[in-house]
Amino acid sequence: MISDAVPRRISRAAVEPLRVQSIYRSVINITTADGLLTVAGEGGGLPNGIVADLGPDWRAIGLHPGMVADASDAKLRVPDAGLEIEFAGASRWSPRLAAPAELVDVAAARWTRRAAATRAVARARASAGGFGPLLREDVPYGRDRYVDVARPALAALIVALEIGDRRRAAEAATRLIGLGSGLTPSGDDVLVGIEAALHALARPTAGFVALATGGVEARTTALAATLLRHAAAGEFAERLHVLLATLMGSDDEAIPAAIDRAVAWGATSGTDCLLGVLIGLDVAAGVHRALD
Amino acid sequence: MSTVNARIFPNSYRDSVELMQIAAEIESLPGIDRAGLVMATPANREVLAAAGLLSEATASAGPNDLVVAVAADDEGAATQALERAAERLAGPGTEGPSETTRTDARTLAEGVAEIGANLALISTPGTYATAEALKALKRGLNVFLFSDNVPVEDEIELKSMARARGLLVMGPDCGTAILDGVPLGFANAVRRGTIGLIGASGTGLQQVSCLIDRYGAGVSQAIGVGGRDLDERVGGEMMLAALERLGADPGTALIVLISKPPSASVAELVLTAAGHVGKPVIINFLGGDPAKVTAAGLIPAATFEAAAATASAMALGRPVSSDDALGIVATDQGAGPAGDDTSSRAVHDAQASLVPAQWRIRGLYSGGSLAGEAKLVLGASLGVVAAKLHEIVDLGDDEYTVGRPHPMIDPRLRNEHLAAAAADPSTAVILLDVVLGYGANADPAGALASAIRTARDDAARADRRFAVVASVCGTSSDPQDLVVQERRLAEAGVILAPSNARAAVLAARIVAPAAVAAGMHP
Amino acid sequence: MNEARTSVLFPDGVRAVNVGLDMFAQPLAANGASVSRLDWRPPAEGDRDVGLLLARLEDDPSDPIGRRIAAANATAVERLLAAQPMLVDVQPARTALGLDGRHILHAGPPIAWQRMAGPVEGAIIGAILFEGWARSAEEASALVESGGVDLSPCHDHAAVGPMAGIISPSMPVVVVENVAAGTRAHATLNEGLGKVLRFGAYDASVLERLRWFVDVLGPALSSALRHGGPLDLRSITGQALQMGDEGHNRNIAATSLFTRAIAPALVRTADTTVAAAVLDFLHGNDHFFLNLSMAACKSALDSAHGIDASTVVTAMARNGVDFGIRLSGTGDAWFTTPVGVPDGLYFPGYGPDDANPDLGDSAITETFGIGGFAMAAAPAIVRFVGGSPGDALEFTRLMGRITLARNPSYALPPLGFVGTPTGIDARRVVDSGIAPVINTGIAHRRAGVGQIGAGIARAPLAVFASAITALGGVLGVPGSKETVA
């Protein structure tokens, strides 16, 4: 399965060669002039990526960081490792997240009704790492330095989004970019979650992160930078599409399971992203929350 | 002196879950105070800098580089930790946590069917514990109920149902038991013998059982009844049931009851029942009136040590020494009276190291009952009024453990208090309990020793010294090994006592002259 | 002192079940005790009151309520396993069900016309046209809206219907008798795939087919049965389960066995043209046996229904909006909750946005232990509903944990000939959080489009908790709330 954004990325590769950046058990990242291209085995579609099956452990297929890769409309290759991924039979999907207009008001009303209960479930099931503690209202200062830095920044961001000030929101976002542990730092995951919610409810503030992504590659990891740029453009991982659809959907019963699935993404990425989604939905639906 | 060291790992391709596991492992290495494992983005570098974890070594790191930073006791520990991190990051990587041999069974019913169970160990949140205990009793299982926050009405119903069916409900809020030699909850590996213990206090049971082991005797059964069993409303239901059980048990020759003093009516019930058991019963109601006990034809014991010593002597057929109020057993290990040479010298040396401003005992306890016993012993040694001037704290109490692990499991809470106590210029003695056994931390002495050393160094810079007195509640068969733990503490200059009561006596002896001189004591 | 024997409280050794934190299990194994470490989670999705009620409803020889429940369930299970459904006749619904006047039955729990799903509305309109109570769809709609037609669940009239499940007085229904208990159940004749009434279609071809059922198929089958004698549906189902059917979504083996069984009598009692037409129809309809399967299951479950204090589930049904269950010990009460779209595989061009929420009485098959519960018999089904063949075996095993018995009449070769898991105990569902699995077709939400996929649905846990709560009230369990569905 391939994201519609991939060809865009590949066409700019003529400028500079593609290189293998990193290899994990079921993920390969390839740098391009336009950000990271990711090949992943599980977890659903990525806005910057290709879902493929390369075997049980991709660290064993002979790839090394730095190897040259090339790509065309038809395939992605790493010649030195004998790896070839054909696009011919692949299904396409669009990472663009936008809810149909007639559903937006219904979804906002639904969210208002279920926000408190959903947050309670998230609080109970979220990981304690990353920015998970911010799902509670009574977090004391001094427990985690990254959380302490994030709190005022998030508070400022929420205020800015509530009054519709994109520039101020982007300023607050800058304080969150690159902040926290993980290959995609917690702050970036939260921002992606917020953007996903804003796009899902078609708010005018959606895309505010675009004002903060100038030179973002110097301020956070390559993967996080790539995902932030996609988020600014309204493009998100498939699992975020599914999560938002469930949170705004008609079936209350499905929400706890959806939250469990979200929390299981990565180590803390899921919790951080979920925190962002809940914040974004609250802001978009006009539900007031105090962070401090 | 804390050393900060850090290393950049530019090409470490571990996913976030593995990074989290590596961070946890590094943080728990000996001598490591704090560790951070993050990508070196500008935002994270700021945080590291504010935490004092940034150094020259990390100056050149960029947002796609991983930084491992540690604050450790010394260079050696820091380097070791970074080496370990390097190893983990370079290796092929784990596939995740290893499979625990866990069953698919989700419900009690399924679990019972699987192994033909006769006992349920329940440690769910209190909200759900009653339902699980009911289900267990209905299936004929005895219940060890660790959970607390169980309403008293539920406890009454459970114990009444248990009585009707001849089953035991140990709890709620029961931390310790040893049944047929199998430790349950926070319990120690104790020699088997003929002494039966019944206790409403978990650490009380632990202390008594460990001392019995130290004195060469053994335990037949140690039955916990839960912290609220002797409350008026519950009426000592389980203690009475356990008394009956052990009274009829051919493997139990004598019984010890351990609790804080119950109300008059419950005390009467219990003492009467104990009187009818037909075996010697030692009553260790901490702070209770011995006269009532003797009047009931039973044997009073004022401290855990006295209870253990008396019981052990009786079980082994040896004379009970009445050298001092504590009661001592003469054993081959030469645990002599509190006035023996080794401890006298230690007391004298400690006193010599103090300056006049230092007079206070700061007790930092992980076991509530041990803290209670310490207060009692200090009251007996120094006088009740004077004893109150010293600060004995139970760090396992709710007010300290909100959002934090219990000090028996995680040393960090107590270490923080220890540093603060050592920094207080009025502190003369820091008094500690170190509890071993199943459920407790893997190396409590090591963690304490490290914190003590740091605190001593800090105090030394202000030209101050202080004494640390501790007792280790454990046995050499415990996973942590009593002998090893005592040695680690001794190497850190800790004055060791074989029991908590004795440790409190030592602390009192150390401060007595200084406190009098400072006008704190009469 | 004395040479005492070693003290022993547990002569068979300490054998513990660990409920909660894993750390408590450690010292046991290290000290020679056996331990079962539960994969525990709060029962009843964390509802403390329902969890406590569950505990008080446990089987317990020392407690009057515990004894009553155990005995009631034993009776229910006995009746389920003894059931012997036989196909005895085909008759007009008017006769067989006593349906008179303008009365239409639908699948699932009761629901008002205003709330009904697209396919059900369409099917009702079709039935009204078929009966001649109106001449156009608009007239038919108006008739219902003005209260001119009585609508009630099939279940309330000893009947079951797949998908929209519409039964009107003229329609021929199969008559299935559970000879062990004398209970009867009925269902319409299965129309096949494509444009059919049960998906809400009602154009001329649909109505024509229904007319053919009345004029030809119904009477032909009826004569054949009267001449050749009743057909043993238990035997057919048992064989079919060993031939790759599961009795809900795969019925081709059973349909073939049925056709083989009835063909001789059919040929002897009908003229050649009719016999040929009937055999042609059966040949082209792989799912003909589904309706028979459903009626057979209902006749068995009805014999186990209405037993005081029994926690056995005797019906699971959906009307396209709500999911409902019935419990043996709470009589006619339905316990319902809104139902979602099933998880599954869609035919090309369709997706979850097109799907109607789960629909039909066909979950009666799972209620009796076949269908999704017998997935081990039909691993091939995973190609249509999603999952792997291993999943198929696993689902049957999982269902074994929420049922009280195995039905030896329905043996499953892939699992060593153990019988199908039968007798869903609502207590076990709520305690374990394991929801019954249902193999289901997915209907398009617009009337008349038809089936757009197939999948595996899990019954919503909430209804089982409601049922248990109601039973607690009926039995007077201390602390339970008085509720009536």
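Helices α7(C) and α10(C) of the predicted model are roughly perpendicular to each other, a label given to angles of 65 to 115 degrees, while angles under 35 degrees count as roughly parallel, over 145 as roughly antiparallel and the rest as oblique. The axes of α7 (residues 204-228) and α10 (residues 272-284) of chain C come within 10 Å and cross at roughly 95°. Axes are lines fitted to C-alpha atoms, for helices over the stretch in contact, and angles run from 0 to 180 degrees between N-to-C directions. On the side of α7(C) the contact is made by C:Trp212, C:Phe213, C:Val216, C:Leu217 and C:Ala220, and on the side of α10(C) by C:Val274, C:Ala277, C:Val278 and C:Phe281. Contact means heavy atoms within 4.5 Å. The residues of this contact divide into nine nonpolar, no polar and no charged; Ala, Val, Leu, Ile, Met, Phe, Trp, Tyr, Cys and Pro count as nonpolar, Asp, Glu, Lys and Arg as charged, and the others, Gly among them, as polar.

This is a predicted model, in which local features need pLDDT of at least 70, side-chain atom pairs count only at pLDDT 80 or more, and totals for chains, interfaces and linings use all residues. Residues are numbered from 1 along each chain as its sequence is written, chains are lettered from A and ligands numbered from 1 in the order in which they are written, and side-chain values use heavy atoms, with hydrogens and water left out.

Chain C has 16 helices and 17 strands, where helices (H or I, at least four residues) and strands (E, at least two) are DSSP runs numbered from the N terminus. Of its 485 residues, 61% count as buried; buried means under 20% relative accessible area, exposed over 50%, and partly exposed in between (1.4 Å probe, protein chains only). Among the contacts in chain C with a separation of 6 or more, 70% are accounted for by residues 24 or more positions apart. The accessible surface of chain C comes to about 17,300 Å², and 51% of that surface belongs to carbon and sulfur atoms. Accessible areas come from the Shrake-Rupley method with a 1.4 Å probe, and for residues only the protein chains shown count as cover.

C:Ala376 lies between α12 (364-367) and α13 (382-385) and is buried, with a relative accessible area of 0%. Not counting residues up to four places away in sequence, C:Ala376 touches C:Ala392, C:Leu393, C:Thr396, C:Pro414 and C:Leu415. C:Ala376 and C:Thr396 are 20 residues apart in sequence and 5.8 Å apart in space, C-alpha to C-alpha.

Most residues other than glycine have a negative phi, and most peptide bonds are trans. C:Ala44, in the loop between β2 (34-37) and α2 (48-56) of chain C, has a positive phi of about 55°. C:Glu45, also placed in the loop between β2 and α2, has a positive phi of about 50°. C:Ala44 counts as buried at 12% relative accessibility, whereas C:Glu45 is exposed, with a relative accessible area of 59%.

In chain B there are 19 helices and 18 strands, and buried residues make up 57% of the 522 residues. Contacts in chain B between residues at least 6 apart in sequence join residues at least 24 apart in 72% of cases. The accessible surface of chain B comes to about 19,700 Å², with 54% belonging to carbon and sulfur atoms. In helix α8 (residues 237-247) of chain B, B:Glu237, B:Met238, B:Met239, B:Ala242, B:Leu243 and B:Leu246 are buried. The buried residues of α8(B) pack against elements of chain B including α6 (152-165), β9 (192-199), β10 (219-224) and α9 (264-275). The peptide bond from B:Gly171 to B:Pro172 is cis, with omega near 0°, and B:Pro172 sits in the loop between β6 and β7 (176-179) of chain B.

The secondary structure of chain A comes to nine helices and nine strands, and 54% of its 292 residues are buried. The axes of α5 (residues 186-200) and α9 (residues 269-285) of chain A come within 6 Å and cross at roughly 40°. That angle makes α5(A) oblique to α9(A). The residues of the contact of α5(A) with α9(A) divide into 11 nonpolar, five polar and two charged.
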